[in-house]
Amino acid sequence: EHAAAMAQCGELHQMDPDDIARGINRPSNRLGENVARGGTVHEIHEFMMTKSLADKNNVLDRRFTSFGIGTFRGADGFVYLCQVFRG
């Protein structure tokens, strides 16, 4: 849902942490989120792992025990991606 919302407005934005918690609907001690836009999922992943320390830290943080991911291709041709992490 969040990837689609970003694609519709053509802008990246973080979700409200309370909305993330409600969407997960499970007890969580730690929440995280990555959002990105790129031509392909591979391009986004490469950016997150080589150029964005905050995104890379979320992916590698062992305190997160599960995650969800959503993508949506916007009318602008970009792939919008949202990753939510829970620990």
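Me: On what basis are the values given?

Reply: The model is predicted, and local features need pLDDT of at least 70, side-chain atom pairs count only at pLDDT 80 or more, and totals for chains, interfaces and linings use all residues. Residues are numbered from 1 along each chain as its sequence is written, and side-chain values use heavy atoms, without hydrogens and water.

Me: How much space lies in the largest pocket?

Reply: A pocket is an open set of points on a 1 Å grid over the protein atoms alone, where a 1.4 Å probe fits, with protein on both sides within 12 Å along at least five of seven lines; lining residues have an atom within 4 Å of a point. Volume is the space filled by probe spheres set on the points, which are joined across faces, edges and corners. Here the largest pocket holds about 340 Å³. Of its 16 lining residues, Met15, Ile20, Gly23, Ile24 and Val84 are the closest to its centre.

Me: Which strand gives the most to this lining?

Reply: Strands are DSSP runs (E, at least two residues), numbered from the N terminus. E2 contributes the most to the lining of the largest pocket, with 5 residues.

Me: Is E3 buried or exposed?

Reply: Buried means under 20% relative accessible area, exposed over 50%, partly exposed in between (1.4 Å probe, protein chains only). In E3, 8 of its 8 residues are buried.

Me: How many bridges join E2 to E3?

Reply: Two strands pair if DSSP finds at least two bridges between them. E2 and E3 run antiparallel, joined by 8 bridges, and Ser66 has Arg86 in E3 as its bridge partner.

How values were computed
Helices (H or I, at least four residues) and strands (E, at least two) are DSSP runs, numbered from the N terminus.
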